[in-house]
Amino acid sequence: AQPHLAAVSPMTARMRWRRRGWLALAAGLVPLAAAQPPVRPPDALVKAALLHRFPSFVEWPPGTFPAPDTPLRIAVHGDEQVALALRELSADRPRDGRPVQARILRNGEVPADVHVLYVRGRHRAEVAELIRQAPPGVLTVADFDGEHVRGSVLSLLLEDDRVRFSASIDAAARQQLRLSSRLLSVARTVHGG
């Protein structure tokens, strides 16, 4: 079964996390202190979920994953809440049968040995520069002020309290990636191609 990809309301994500906590508490499966997951901003949960799902809609260059159990590695720059939410989500949820490893990319660190690079920043030039440094074969996802960042394969946008995304076919081709028509069909806008 193909994974479902659609815009998700931050409020819906927060309600799901709360419902899980209360259900586990009611079932007596967890102690009271552990009933609630750490509080994360709702949009961080949604962005983490999208970063976890996007790779299922990408055709990667040959040899990207040398073995069936090669981990999918996602680097996050500029948003620690998204990185932590992604780690929690990935702890027991593989993507397409692969374990998912999320890590924080520190300032000055070059995005190497990753499959997905998510960059959020206060300055467009900072975001664009990190995106530009990504080697071929990396799915780049930018998050800057509701705009698509030139050079990024995908960009996250907040619209009507929903996290959406735009896509660039040209940027995907430069990264040697092919985006699924299913992914493109739910993108807010598609650039190039």
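The briefing below takes up a helix pair and then a pocket. The model is predicted, and the values given are computed from it.

**Packing of H2 and H3**

- Helix H2, spanning residues 42-53, packs with helix H3, spanning residues 80-90, at an angle of about 55°, and their axes lie 8 Å apart.
- The two helices H2 and H3 are therefore oblique to each other, and their crossing is right-handed.
- On the H2 side the contact is made by Ala44, Leu45, Lys47, Ala48, Ala49, Leu51 and His52, while H3 contributes Gln81, Val82, Ala85, Leu86, Leu89 and Ser90.
- By class, the residues of this contact of H2 with H3 comprise 9 nonpolar, 3 polar and 1 charged.

**The second largest pocket**

- The volume of the second largest pocket is about 270 Å³.
- Its lining is formed by His77, Gly78, Ile104, Leu105, Arg106, Asn107, Arg120, Gly121, Arg122, His123 and Glu126.
- The lining residues of the second largest pocket fall into 2 nonpolar, 5 polar and 4 charged.

Conventions:
Residues numbered from 1 in each chain as written. Predicted model: local features only at pLDDT ≥ 70, side-chain atom pairs only at ≥ 80, totals over all residues. Heavy atoms only, no water. Axes fitted to C-alpha atoms, helices over the stretch in contact; angles between N-to-C directions. Helix = DSSP H or I, 4+ residues; strand = E, 2+ residues; numbered from the N terminus. Parallel < 35°, antiparallel > 145°, perpendicular 65-115°, else oblique. Left-handed = near helix turned anticlockwise from the far one by under 90°. Contact = heavy atoms within 4.5 Å. Nonpolar A, V, L, I, M, F, W, Y, C, P; charged D, E, K, R; others polar. 1 Å grid on protein atoms, 1.4 Å probe; cavity = no way out; pocket = protein on both sides within 12 Å on 5 of 7 lines; lining within 4 Å. Points joined across faces, edges and corners; volume = space filled by probe spheres on them.
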